[in-house]
Amino acid sequence: AAGCHGAVVCGSAMLKQYLINYARPLIYSTCLDIHSLVCIRCAYEYFGSAIADGDRAYLFDLVRFFRHRYRQIMLSADQNTCTGQSMSMSAYTLLPSPSPIQAIVVPGNAKCKRVADQINSAGFD
């Protein structure tokens, strides 16, 4: 994603003709402004740069670090549970994903709300 906005309509030739003939006001009212076009051009120039390559490598290093630390914390939680100390974190599941989008399943609405409150109180949105 270029970090801008936009949309695509895919469809048959008949749909294309229909939109051309009956949806011109919609098409022209949703035309991108010059600022958006410049943003897209700049984003694509950045995507192909050496700086972007370094940024991507750093981002994926952070993803690997996050996943490694999560496993360490879960292992510690499991060990504490075995010694009688209660840590409910071991019930949370980190979904497999190499992408920067990481998901942790928190079972149950009440637990999910508690976790969200803890994250908020720690200063995160």
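This note sets out several local features of a predicted model.

1. Cysteines. No disulfide is found anywhere in the structure. For C42, the nearest cysteine sulfur belongs to C39 and lies 6.8 Å away, whereas a disulfide would require the two sulfur atoms to be within 2.5 Å. C42 counts as partly exposed because its relative accessibility is 43%, a value between the limits of 20% and 50%. C112 is likewise assigned to the partly exposed class, at 39% relative accessibility.

2. Helix α5. This helix covers residues 109-121, 13 residues in total. From its first C-alpha to its last it reaches 18 Å, close to the 18 Å expected at 1.5 Å a residue. G123 follows α5 and has a positive phi, near 100°.

3. With a relative accessible area of 33%, L15 is partly exposed. In general, an α-helix has 3.6 residues a turn, so residues three or four places apart point the same way.

4. S97 is situated in the loop that lies between β1 (93-94) and β2 (104-105). Its relative accessible area is 19%, and S97 is therefore buried, the cut-off being under 20%. The side chain of S97 makes a polar contact of 3.1 Å with the side chain of S99.

Definitions and conventions
Residues numbered from 1 in each chain as written. Predicted model: local features only at pLDDT ≥ 70, side-chain atom pairs only at ≥ 80, totals over all residues. Heavy atoms only, no water. Buried < 20%, exposed > 50% of the residue type's maximum accessible area, 1.4 Å probe, protein only. Helix = DSSP H or I, 4+ residues; strand = E, 2+ residues; numbered from the N terminus. Expected span 1.5 Å × (residues − 1). Polar contact = N/O pair within 3.5 Å; in protein donor to acceptor, adjacent residues only side chain to side chain.
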